[in-house]
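Subject: Structure handover

Hello,

Here is the structure I promised to pass on. Please open it first, then read my notes below.

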Amino acid sequence: MKIAIVCYPTFGGSGVVATELGIGLSNRGHEVHFITYKQPVRLEYLSANIHFHEVSVPEYPLFHYQPYELALSTKLVDTIKKYNIDILHVHYAIPHAYAGYMAKQMLKEDGYEIPMMTTLHGTDITLVGSHNFYKGAVNFSINKSDCVTSVSKSLKDDTLRIFDIKNDIHVVPNFIDIDNLNDDVEDCQRHTMADEDEMIITHVSNLRPVKRIDDVVKIFAKVLEHQKAKLIIIGDGPERDKAVNIAIDLGVRDRVIFMGKSNDIEKILCFSDLFLLPSEKESFGLAALEAMAHGVPVISTNTGGLPEVNIQGQSGYLSDVGNIEEMAENALKILQNRETHQSFKDAAKSRANEFDIKNIIKSYEALYESMLVKA
Ligand code: GMT
């Protein structure tokens, strides 16, 4: 099949999922065309069957906001026609489903029918999409999609609760490419980060308020009262300075390492002992799944889709949002006993294996096929 994928090219989870899906599809012989404003960060190489088409939006002084949707729709129409694309798959409803629908209509004028799949990722529904400024257009474009998927059951439920959705929503969970995990111990330089007797606790996110970075630092400070440890925070975003200040206030600044944005998360996860994800909302929690795949137990909240990924008392523990005390206690429960730690590590890894791309990608292919039959 020839598949056009629209996504955000940045470090966010939806862009990562879209990119990994495109790479996985290309490995299975499909021709994949990424259409977005920058080469996706996880797309390290292009090949005979992976293409990238850049959407450019030239500045014009009249525009306070550059009309990206217009440029994206135009690029979609041109690319779909030029490469004779079979399926359009947009990730993150805003504004991709809307631009995709416009492209579909423009193509129809030329007698070209293309089925569009919209994959809902989370904040496009919960935080941003539900806002009255966007809600009507998001509702409309989800209903105009030929197939809709969501990355968790919880997100499907949220979508049906918040919007007036007429079509089915298929739950296709996020995934991980287990065969291509970089688990090479040669690369695993634990000694560069911590002493032998220190535990390494990790957090990865875009440091936005929804991630509750202050809770990450507060949980860590409580753990430190009983356990020598370092906290590694990977990613960057608006809450970074706040996190630095809280670390200073709590007297733990010298134990917290801010790594910034990174494409080498695997090199940190390989020696991490515990992963913290105390988010306010999380439709799935791809960062937790990536940690688990490396055998890192997860202390998370029980919000959204996290209970569909992290299993209470096995791969980690889940607490109510803001329950810092309990999250710190559970962290210590895992870290302070070698056998317990090992059993959580094993359980995290085997739970992550259930989300292997080999199983999940077939669901997307089956849905693509069904859209082609209907078209
Ligand atoms: O907030 C983020 O983590 C980024 C955001 C995105 O859209 O890129 O992530 C959302 O999609 C991810 C991939 O499907 C999910 O794993 C995240 O849980 C989800 N984030 C939220 O729901 C807050």
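**What surrounds the ligand**

Helices here are DSSP runs (H or I, at least four residues), numbered from the N terminus.

Before more detail, two notes. This is a predicted model: local features need pLDDT of at least 70, side-chain atom pairs count only at pLDDT 80 or more, and totals for chains, interfaces and linings use all residues. Residues are numbered from 1 along each chain as its sequence is written, and side-chain values use heavy atoms, with hydrogens and water left out.

A polar side-chain atom of Arg208 is 2.6 Å away from one. For a backbone N or O atom of Ser283 the distance is 2.9 Å. For one of Gly13 it is 3.0 Å. Alone, the ligand exposes 490 Å², and the protein buries 94% of that (Shrake-Rupley method, 1.4 Å probe).

**Ser154**

Ser154 sits in helix H5 (residues 153-162). Ser154 is buried, at 13% relative accessible area (buried means under 20%, with a 1.4 Å probe and protein chains only). Its side chain reaches the backbone nitrogen of Gly305 at 3.5 Å.

Best wishes

Key. A polar contact is a pair of N or O atoms within 3.5 Å; within protein, one must be able to donate a hydrogen and the other to accept it, and residues adjacent in sequence count only if both atoms are side-chain atoms. Helices (H or I, at least four residues) and strands (E, at least two) are DSSP runs, numbered from the N terminus. Buried means under 20% relative accessible area, exposed over 50%, partly exposed in between (1.4 Å probe, protein chains only).
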